[in-house]
Amino acid sequence: NSISTGSGIFSCGEVKASYYKTPTWNPKKMGTIIYADLDSDVSLQAPSTLEPSSLLTWDATGNPGWQFAPLAEGYVCSDTICCYASNFVGNTYGYSIGVLGGIDSGCGNYEYGYDCGIASYHWPAEVCGIFSCMDQTGTCLDYQTPTGNLTGVRLETRVSTNSTVLPHVLAYGTSGSTSEQILIEPGTGLNFFQNGKVVVLTIDSFPHPISSAEIYGRLYEKDNLLYTCPVSSETEKNESDFSTDQSNVDIVNGGKEE
């Protein structure tokens, strides 16, 4: 089994806690619960100065499911989602560009239409990324040590209106107690911009070669959940109080909305 998995708690792009398992992970065993203390009053980051390029004006589509191409080609499309890469620092040899506009999976098989057998192993996603791999197949989604020396790149994509997007960038090298994977954070080589559907990510990982860089979008409203969250009595009370307050406002305003 070649599955690698992990999770983390992030605040303003900084990792507060994380958990990662190598391909020896057994999906039938219980995972690890992680927690972290978060600041209640976080400092605001300066607005990004990034702007989209003319690449996002191209009208292109691709085959469904995960699609890959050599990074040197600069773009690849999956359904209506296209991923564009430019401004390379270092050589593109040894890297692939990948994109997904559809259903992602968590069982290690990324072929279009493959059923993992467990509903929660599938979820809607919109992804644009580059990966340190030679073969333009789903094996790019399994972690591979970089053979190339790419340390800079710009990624751009256009996602759906309600897509929740997060950047995720890993480099290879040594940093403190970490001897293999380095997470690139905002202010340390990662610059991220989103304005509605337009998303831009720039990376500077020098002197460490990039392992992978992704713009990962999730369409949570399209999740096929196997459960429903019960409405607590406190929630019902709050909704009732809001309705009462709104009625009072309407009366004060003479029944007009202002």
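Biologist: This is a predicted model. Which residue of β12 stands opposite R154?

Modeller: T202 in β12 stands opposite R154.

Biologist: Why are β8 and β12 called paired strands?

Modeller: Pairing needs at least two bridges. Seven bridges join β8 (residues 152-158) to β12, so the two strands count as paired. They run antiparallel.

Biologist: How many bridges join β12 to β11?

Modeller: Six bridges join β11 to β12, again antiparallel. At least two are required, so this is a pair as well. Within it, F193 has V200 of β12 as its bridge partner.

Biologist: What makes β4 and β11 edge strands?

Modeller: Take the whole sheet. It is open, with five strands in the order β4-β5-β8-β12-β11, paired antiparallel. β4 (75-78) and β11 (190-195) each pair on one side only. The twist from one strand to the next averages 15°.

Biologist: How do you know that β4 and β5 pair?

Modeller: Four bridges join β4 to β5 (residues 81-89) in the antiparallel sense. The cut-off is at least two, so they pair. S78 stands opposite I81 in β5.

Biologist: What makes β12 mostly covered?

Modeller: Six of the seven residues in β12 (198-204) are buried. Buried means under 20% relative accessible area.

Biologist: Which residues have the most contacts inside the largest nonpolar core?

Modeller: I97, I130, L155 and I210 do, in a core of 27 residues. β5, β6 (96-105), β7 (122-131), β8, β9 (164-172), β12 and β13 (210-218) each supply at least two residues of this core.

Biologist: What does I130 touch, leaving out residues up to four places away in sequence?

Modeller: Its contacts include L71, I97, L155, I210 and A213.

Biologist: Now the cysteines. Why do C83 and C128 count as a disulfide?

Modeller: Their sulfur atoms are 1.9 Å apart. The limit is within 2.5 Å, so the pair counts as a disulfide.

Biologist: Why is the link of C83 and C128 called right-handed?

Modeller: The torsion about its S-S bond is about 60°, so the disulfide is right-handed.

Biologist: Are C83 and C128 buried or exposed?

Modeller: C83 has a relative accessible area of 0%, and C128 is at 0% too. Buried means under 20%, so both cysteines are buried.

Biologist: How many disulfides does the structure hold?

Modeller: It holds four. Their pattern is 1-2, 3-6, 4-5, 7-8, with bonded cysteines counted along the chain.

Biologist: What makes C107 and C116 a disulfide, and which hand does the link have?

Modeller: The sulfur atoms are 2.0 Å apart, and the cut-off is within 2.5 Å. With -65° about the S-S bond, the link is left-handed. C116 has a relative accessible area of 17%; the buried class is under 20%, so C116 is buried.

Biologist: Why are C133 and C140 called buried?

Modeller: C133 is at 2% and C140 at 4%. The limit is under 20%, so both are buried. A disulfide joins them, S to S 1.9 Å. This link is right-handed, with 85° about the S-S bond.

Terms used. Residues numbered from 1 in each chain as written. Predicted model: local features only at pLDDT ≥ 70, side-chain atom pairs only at ≥ 80, totals over all residues. Heavy atoms only, no water. Axes fitted to C-alpha atoms, helices over the stretch in contact; angles between N-to-C directions. Buried < 20%, exposed > 50% of the residue type's maximum accessible area, 1.4 Å probe, protein only. Core = buried A, V, L, I, M, F, W, Y, C linked by side-chain atoms within 4.5 Å. Contact = heavy atoms within 4.5 Å.
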